[in-house]
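Here are some notes for a colleague who has the model open.

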Amino acid sequence: MTAKRALKGLSSTAVCGAIVAVVLLGGGSFALSQDKGSVNPKPLPPLAHPNDPRTPAKQLFGRKTEPTDSAPRSIGFYSKGCLAGGEALPVNGDAWQVMRLSRNRNWGHPALIAMLERIARQARQEGVWNGLLVGDMSQPRGGPMFTGHASHQIGLDADIWLTPMPNRSLTRAEREEMSAIDMVRPDKLDIDPARWTTNHMDLVRIAAQQREVERIFVNPAIKKAMCRQATGNRSWLAKVRPYYEHNYHFHVRITCPAGSEGCAPQEPPPSGDGCDQLDWWFSDAVLHPKPNPNWKPKPPLTMAQLPPACRQVLDAP
């Protein structure tokens, strides 16, 4: 479902409030994705009442530091589920490095791990990209996160920085403190031509052409630029969807892997390349939303709102 369709039928005030909510809290993961991490993260204190049904699920899953010892399985939907048998993307690869190690979010279904490694190597072999800097994926057992994402819960989402990997291994401090590069002009109407290159587009194209990729989320200005620049077979652009923020990274989402009973895929993207559906994203109501003083954030998800199997994932040794 597009954001425009999701907001259809609301009053103008409600639309603006919803936009602010998405950007600042629900879907706007940019600010938190670029927040600095810690070289010496402190362990979270134990919960006083972990079995209280009102306890937010993010407080429970955020304290799990290891995956379950079980067959891999993505459970539920991208924004309401969990992950069994998760696998970690190695923090150092021949064509990638993991960022923000203190978050412990470099976990995913093995199908996601394999796809990321394939993208990284293909982009290097084609001379498009030196190597991936990989941001948030999922927690060891998936589930809701403390900060930054409504999705990324079932091990099938990953953020890839729009900054190429340098020709050296980054230090731990650099991985926690350096920021990706903003690709969008300050007015948000287009890309920054001094920063955006066709290599950026080709990296997104390589990702979109992977058979298991279901969606790629980019800033609307980035989508606009790719619509101008892409030549030849443009069918891959259908998977590239505009969404709030995403001006420092792009978000890759793969479809439910085989063997993941109970995994709920997203509906297919609309037909066409989507380049004729961008005007709304550059309207004043979207670019400069007015806060709704009556808006209230949704309460955090509890275990009762997740698939029942997620309780087994959480409680597994």
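1. A pocket is here an open set of points on a 1 Å grid over the protein atoms alone, with protein on both sides within 12 Å along at least five of seven lines, and a volume is the space filled by probe spheres set on the points. In this predicted model, the second largest pocket holds about 570 Å³ of space.

2. The lining of the second largest pocket comprises 22 residues, and those that lie nearest its centre are Pro41, Leu44, Ser102, Arg103 and Phe146. Sorted by class, this lining has 7 nonpolar, 8 polar and 7 charged residues.

3. Glutamine 266 sits in the loop that runs between β10 (249-254) and α9 (284-287), and it counts as buried because its relative accessibility is 16%, where buried means under 20%. Its side chain makes a polar contact, at 2.8 Å, with the side chain of arginine 253. When neighbours within four places in sequence are left aside, glutamine 266 is in contact with Phe77, Tyr78, Glu214, Arg215 and Arg253.

4. The largest nonpolar core has 56 residues, and Leu132, Ile216, Ile222, Met226 and Phe250 are those with the most contacts inside it. Helix α5, residues 110-125, gives the most to this core, with 7 residues. A second, separate core has 13 residues, among them Phe61, Ala84, Leu301 and Val313.

5. Methionine 226, one of the residues with the most contacts inside the largest core, is in contact with Trp196, Met201, Val204, Val218, Arg234, Trp236, Leu237 and Val240, again leaving aside neighbours within four places in sequence.

How values were computed. Residues numbered from 1 in each chain as written. Predicted model: local features only at pLDDT ≥ 70, side-chain atom pairs only at ≥ 80, totals over all residues. Heavy atoms only, no water. 1 Å grid on protein atoms, 1.4 Å probe; cavity = no way out; pocket = protein on both sides within 12 Å on 5 of 7 lines; lining within 4 Å. Nonpolar A, V, L, I, M, F, W, Y, C, P; charged D, E, K, R; others polar. Helix = DSSP H or I, 4+ residues; strand = E, 2+ residues; numbered from the N terminus. Buried < 20%, exposed > 50% of the residue type's maximum accessible area, 1.4 Å probe, protein only. Polar contact = N/O pair within 3.5 Å; in protein donor to acceptor, adjacent residues only side chain to side chain. Contact = heavy atoms within 4.5 Å. Core = buried A, V, L, I, M, F, W, Y, C linked by side-chain atoms within 4.5 Å.
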